[in-house]
Amino acid sequence: MKKVNEMERFFPRVGYGYDVHRLVEGRDLWLGGIKIDHEMGLLGHSDADVLIHAICDALLGAANMRDIGYHFPDTAASTLDIDSKILLRKTIELIASKGYVLGNIDATIVAERPKINPHIPAMKQCLAEVMDCDEDQISIKATTSEKMGFAGREEGMAAYAVCMIVKS
Ligand code: MG
């Protein structure tokens, strides 16, 4: 057991997260912590920020601390319409309770419309502030689904994230 603990100090841990939310009319579109002008928004118990949710799951997975639904149930009144930036901040505090800090994140948003690329600098700036890290630690990419599948038909959006965490 001692050997594993010693190794933990020198070896970073990797985590992976995936999330999907339906796109509907009458909802604001929140992505990467910012509000984007669009005729539809993501549906969910919280603000349904699919990118932040994927990042939270990656961070929790890296720390072996279950997932976002375990810590912030989508049945709880406390998380109804909650700003996902609050969940991300709490997730950073959760992994810090096990002695971890963020190394880096690499994430991809899958959305047919609107164009995500122009919003990426603002997302990075916002998330760096929430996680109290450098923008260079956060990579956000975007792709369409070439009109195929649920994202391609604009029925929803998906996000994937991997992260690395290190012992502080
Ligand atoms: Mg979600």
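**Exercise 1. Locate Pro 114 and describe the peptide bond that joins Arg 113 and Pro 114.**

Solution. Step 1: Pro 114 is placed in the loop between β5 (100-110) and α5; helices (H or I, at least four residues) and strands (E, at least two) are DSSP runs, numbered from the N terminus. Step 2: the bond between Arg 113 and Pro 114 is cis, with omega about -5°.

The model is predicted: local features need pLDDT of at least 70, side-chain atom pairs count only at pLDDT 80 or more, and totals for chains, interfaces and linings use all residues. Residues are numbered from 1 along each chain as its sequence is written, and side-chain values use heavy atoms, with hydrogens and water left out.

**Exercise 2. Determine how α2 and α4 are oriented and which residues meet.**

Solution. Step 1: the axes of α2 and α4 come within 10 Å and cross at roughly 10°. Axes are lines fitted to C-alpha atoms, for helices over the stretch in contact, and angles run from 0 to 180 degrees between N-to-C directions. Step 2: α2 is therefore roughly parallel to α4, a term for angles under 35 degrees; over 145 counts as roughly antiparallel, 65 to 115 as roughly perpendicular and the rest as oblique. Step 3: in contact (heavy atoms within 4.5 Å), the residues of α2 include Ile 52, Ile 55 and Leu 59, and those of α4 include Leu 88, Ile 92 and Ile 95.

**Exercise 3. Describe the packing of α5 against α2 and against α4.**

Solution. Step 1: helix α2 (residues 50-62) and helix α5 (residues 120-131) have axes that come within 13 Å and cross at roughly 40°. This makes α2 oblique to α5. Step 2: Leu 51, Ile 52, Ile 55 and Leu 59 of α2 make this contact with Met 123, Leu 127 and Met 131 of α5. Step 3: α4 and α5 pack at an angle of about 45°, their axes being 9 Å apart, and are therefore oblique to each other. Step 4: Lys 85, Leu 88, Arg 89 and Ile 92 in α4 meet Cys 126, Leu 127, Val 130 and Met 131 in α5.

**Exercise 4. Characterise the salt bridge of Arg 27.**

Solution. Step 1: a salt bridge requires a side-chain nitrogen of Lys or Arg within 4 Å of a carboxyl oxygen of Asp or Glu; the structure holds eight. Step 2: Arg 27 pairs with Asp 81, with the closest N and O atoms 3.8 Å apart. Step 3: this pair links distant parts of the chain, 54 residues apart: Arg 27 is in the loop between β1 and β2 (29-31), and Asp 81 in the loop between α3 (68-71) and α4 (84-97).

**Exercise 5. Identify which strand gives the most to the nonpolar patch.**

Solution. Step 1: β1 (13-25) and β7 (156-167) each supply at least two residues of the patch. Step 2: β1 gives the most, with three residues. Step 3: Tyr 16 has its place in strand β1.
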